Amino acid sequence: MSKPKPHHRIVVTDFLDETRIETPVLSDLARIDTLLATHEADLRGKLSDAHIMLVYHDVARLGDATFSQAESCVGIIRAGVGYNNIDIEAAAARGIVVCNVPDYGSEDVADHALMMLLAVARRLVDSHLAIRAGGWDHQLIVGAPRMRGRTLGIVGCGRIGTAMALRAKALGMRVLYYDPYVKPGTDKAIGIIQADTLHELLAESDFVSLHCYLDESSHHLMNAQAFAAMKPGAILINTARGPVVDQNALVDALNSGQVGGAGIDVTEREPLDDDRLRYHPRVLLTPHVAFYSVEGFLEMRLKAAQEARRLLLGQTPRNPVNLHLIPQGRRRLSV
């Protein structure tokens, strides 16, 4: 006797072109389709019978134009930490739960941020390129700081910020953090120092590493005033979200020497379209890859699939981000 076909449908809206990780988790409940959208309009007419949407980052914004077509949808899983490309209020108005995967790659992003910090501070790329060009000049390293004893300021002390703090402590750095949302006592738990304001942190830090979420409160958090508050010559690392930094203000601060160098994994517009940053001699760039490791990418996909399974079974999701916005009695539960 043939096995009955699963009666649910899951769509991977973008990015993935195969489902080898998701299928073993979900095949008894649902069939999975990959849509490879790059714009919201690409999804038109393809969602009417979708119960779950697995969303990545190739589509800049998903809003009510999409959700209004997804009449059967009970949940949207953002396969990643940030969910600012999903209109969670519009989803909530239609009773759709939005979840993210906040805990898959904390160690990978922290490793990448530390790598960028060391590379910029120790002028790694400058030395490498000079040798490839035929040089051998120790003067390239003159002025580089000793890391031990220097102050690292961490903006945003959640999972990744905490992981970065522990790595910096292992190198003997003094660690400050600014985060008005973390629980009191975080400083005591991991042996770092809490700054009361962002400007206090900036004024004391030799290096500043951004690990905050992007929302209205953090958009252009690092602006001209913030750069002016930094120690002259301090180094900025951004593995969080591009729009946390005012890109024009950063270029000005680099050109003036107020910012001594920058390691940038994320930019305001991606792919990067600003040659001032692309070719700046004191900027190290990577293409939004801090999240990635072989293990981390598999973990992200697995956890997204497991969250989808919980929603299909009517179980409580682990990482909802908009339940508080869904009107009482409006949540879609039956599939």
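A: This is a predicted model. Leaving aside neighbours within four places in sequence, Leu250 is in contact with Phe227, Leu236, Val245, Val259, Ile264 and Leu277.

Q: Which residues have the most contacts inside the largest nonpolar core?
A: In soluble globular proteins, nonpolar side chains tend to be buried together. Here the largest nonpolar core has 30 residues, and those with the most contacts inside it are Leu210, Met222, Phe227 and Leu250. Two or more residues each come from H8, S9, helix H9 (224-229), strand S10 (234-238), helix H10 (247-256) and strand S11 (259-264). H10 gives the most to this core, with 5 residues. Another core, of 28 residues, lies apart from it; Ile32, Val74, Ala92 and Ala308 are among its members.

Q: Is Val11 buried or exposed?
A: Burial is read from relative accessible area, with under 20% counting as buried. Val11 has 0% relative accessibility and therefore counts as buried. Val11 belongs to strand S1 (residues 8-12). Not counting residues up to four places away in sequence, Val11 touches Asp33, Leu35, Lys46, Leu47, Ala50, Ile52, Met53 and Leu54.

Q: How far apart in space are Val11 and Asn100?
A: Their C-alpha atoms are 16 Å apart, while in sequence the two are 89 residues apart.

Q: How should I read charged pairs, and how many salt bridges does the count come to?
A: Side chains of opposite charge can pair when their charged atoms come close. The count for this model comes to 19 salt bridges. One of them joins Glu22 to Arg301, with the closest N and O atoms 2.8 Å apart. That pair links distant parts of the chain, since Glu22 is in helix H1 (residues 22-26) and Arg301 is in helix H12 (residues 294-312), 279 residues apart. Both Glu22 and Arg301 are buried.

Q: Where do Asp206 and Arg150 lie in the chain?
A: Asp206 forms a salt bridge with Arg150, the closest N and O atoms being 3.6 Å apart. This pair also links distant parts of the chain: Asp206 sits in the loop between helix H8 (198-204) and strand S9 (207-210), and Arg150 in the loop between H5 and strand S6 (151-155), 56 residues apart. Asp206 counts as buried because its relative accessibility is 14%. Arg150, at 32%, counts as partly exposed.

Q: What is the nearest side chain of opposite charge to Asp108?
A: A charged residue can be buried without a salt bridge, as Asp108 is; the nearest side chain of opposite charge, Arg167, is 7.3 Å away. Asp108 is placed in helix H4 (residues 106-121). Beyond four places in sequence, Asp108 touches Ala290, Phe291, Tyr292, Ser293 and Gly296.

Q: Which residues form a nonpolar patch on the surface?
A: Leu124, Val125 and Leu129 do, with about 270 Å² of accessible area together. Val125 lies in helix H5 (residues 124-132). Its relative accessibility is 35%, so Val125 counts as partly exposed.

Conventions
Residues numbered from 1 in each chain as written. Predicted model: local features only at pLDDT ≥ 70, side-chain atom pairs only at ≥ 80, totals over all residues. Heavy atoms only, no water. Patch = residues over 30% accessible without salt bridge, like charges linked within 9 Å, V, L, I, M, F, W, Y side chains within 5 Å. Areas by Shrake-Rupley, 256 points an atom, 1.4 Å probe, with all protein chains shown as cover. Salt bridge = Lys/Arg side-chain N within 4 Å of Asp/Glu carboxyl O. Helix = DSSP H or I, 4+ residues; strand = E, 2+ residues; numbered from the N terminus. Buried < 20%, exposed > 50% of the residue type's maximum accessible area, 1.4 Å probe, protein only. Lys, Arg positive; Asp, Glu negative; His and termini not counted. Contact = heavy atoms within 4.5 Å. Core = buried A, V, L, I, M, F, W, Y, C linked by side-chain atoms within 4.5 Å.
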